[in-house]
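Good morning, and thank you for coming. I would ask you to look at the structure as I speak, and to follow each residue as I name it.

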Amino acid sequence: MDPRTIQLHDCEFKTYIFEEEIIARIVMLAEQLDKEYAGKQPLFLAVLNGSFMFTADLLKRVTIPCEVSFIRLSSYQDTKSTGRVKEVLGLNEDIQNRHVIVLEDIVDTGHTVHGLLQQLRERHPASVEVATLLLKPDCLQHPLDIKYVAKPIPNDFVVGYGLDYNGLGRNLRDIYKIVP
Ligand SMILES: O=P(O)(O)OC[C@H]1O[C@H](OP(=O)(O)OP(=O)(O)O)[C@H](O)[C@@H]1O
Ligand SMILES: Nc1nc2[nH]cnc2c(=O)[nH]1
Ligand SMILES: [Mg+2]
């Protein structure tokens, strides 16, 4: 497919992962989760805002009985982590003895998921794992074991398919990377 370039605020981005590849990877992930969580009735816990598209496309393809709930965490300004993860909307669900799968659009420094996993484990779930669409393994600042990764990527700032640059770009169907 032809590469496309777009402008968001003051930055230029070019196409990087097309919708077809995103969906193909999500289909494989759903099949894996169907097998590994059969009989466990997992609770998917989606981290807003970034994970909304990933969550919808993944859960449409998960066929086992499951539940979904949402929390909202925020830590990015411009293209950088502030290092402070703000809880904008908390968790109301009782997760004791539940099999929880955290859904993220991207794990970058790992600050967001690291803090969230600490909080969740205090509530005694039966198990907690993380499923992320994208992982930047070279950027991790915490020793995290992310079990389900649809696609590892290098250290470039990306937008689209839920991911934003200062609010813009979340509605794009493909993923774009920043042009330095
Ligand atoms: O691994 P980290 O360095 O913590 O980065 C990953 C987090 O950053 C983004 O969220 P953000 O805080 O920008 O909020 P958003 O989901 O509303 O875009 C993304 O959706 C992840 O939740
Ligand atoms: N939009 C966007 N948000 C992020 N949060 C952490 N890493 C990224 C990234 O590369 N792009
Ligand atoms: Mg997020």
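Y161 counts as buried because its relative accessibility is 3%; buried means under 20% relative accessible area, exposed over 50%, and partly exposed in between, with a 1.4 Å probe and protein chains only. Y161 lies in the loop between β9 and β10, where helices (H or I, at least four residues) and strands (E, at least two) are DSSP runs numbered from the N terminus. Although Y161 is not a glycine, its phi is positive, at about 50°.

This is a predicted model, in which local features need pLDDT of at least 70, side-chain atom pairs count only at pLDDT 80 or more, and totals for chains, interfaces and linings use all residues. Residues are numbered from 1 along each chain as its sequence is written, chains are lettered from A and ligands numbered from 1 in the order in which they are written, and side-chain values use heavy atoms, with hydrogens and water left out.

Most residues other than glycine have a negative phi, and most peptide bonds are trans. H9 also has a positive phi of about 50° without being a glycine. H9 sits in the loop between β1 (5–8) and β2 (11–17), and because its relative accessibility is 43%, H9 counts as partly exposed. As for peptide bonds, the one joining L48 and N49 is cis, with omega about 5°; N49 belongs to the loop between β3 and α2.

Which loop holds D174? D174 is in the loop between β9 (158–159) and β10 (175–178), and it counts as buried because its relative accessibility is 7%. Its side chain makes a polar contact of 3.0 Å with the side chain of R4; such a contact is a pair of N or O atoms within 3.5 Å, and within protein one must be able to donate a hydrogen and the other to accept it, while residues adjacent in sequence count only if both atoms are side-chain atoms. The D174 side chain also reaches the backbone nitrogen of E19 at 2.7 Å. Beyond four places in sequence, D174 touches residues including I17, F18 and Y161, where contact means heavy atoms within 4.5 Å.

D108, in the loop between β6 and α3, counts as buried because its relative accessibility is 15%. A polar contact of 2.9 Å links its side chain to that of K136.

D105 lies in strand β6 and counts as buried because its relative accessibility is 7%. The C-alpha atoms of D105 and L135 are 8.6 Å apart, although 30 residues separate them along the chain.

Finally, the helices. Two packed helices are described by the angle between their axes and the distance between the axes. How do the axes of α1 and α2 cross? The axes of α1 (residues 19–36) and α2 (residues 52–59) come within 9 Å and cross at roughly 60°. The two helices are therefore oblique to each other: angles under 35 degrees count as roughly parallel, over 145 as roughly antiparallel, 65 to 115 as roughly perpendicular and the rest as oblique. I23, I26, L29, A30 and L33 in α1 meet F54, D57 and L58 in α2. Six of the eight residues of α2 are buried, and these pack against α1, β3, β4, β6 and β7.

Conventions
Axes fitted to C-alpha atoms, helices over the stretch in contact; angles between N-to-C directions.
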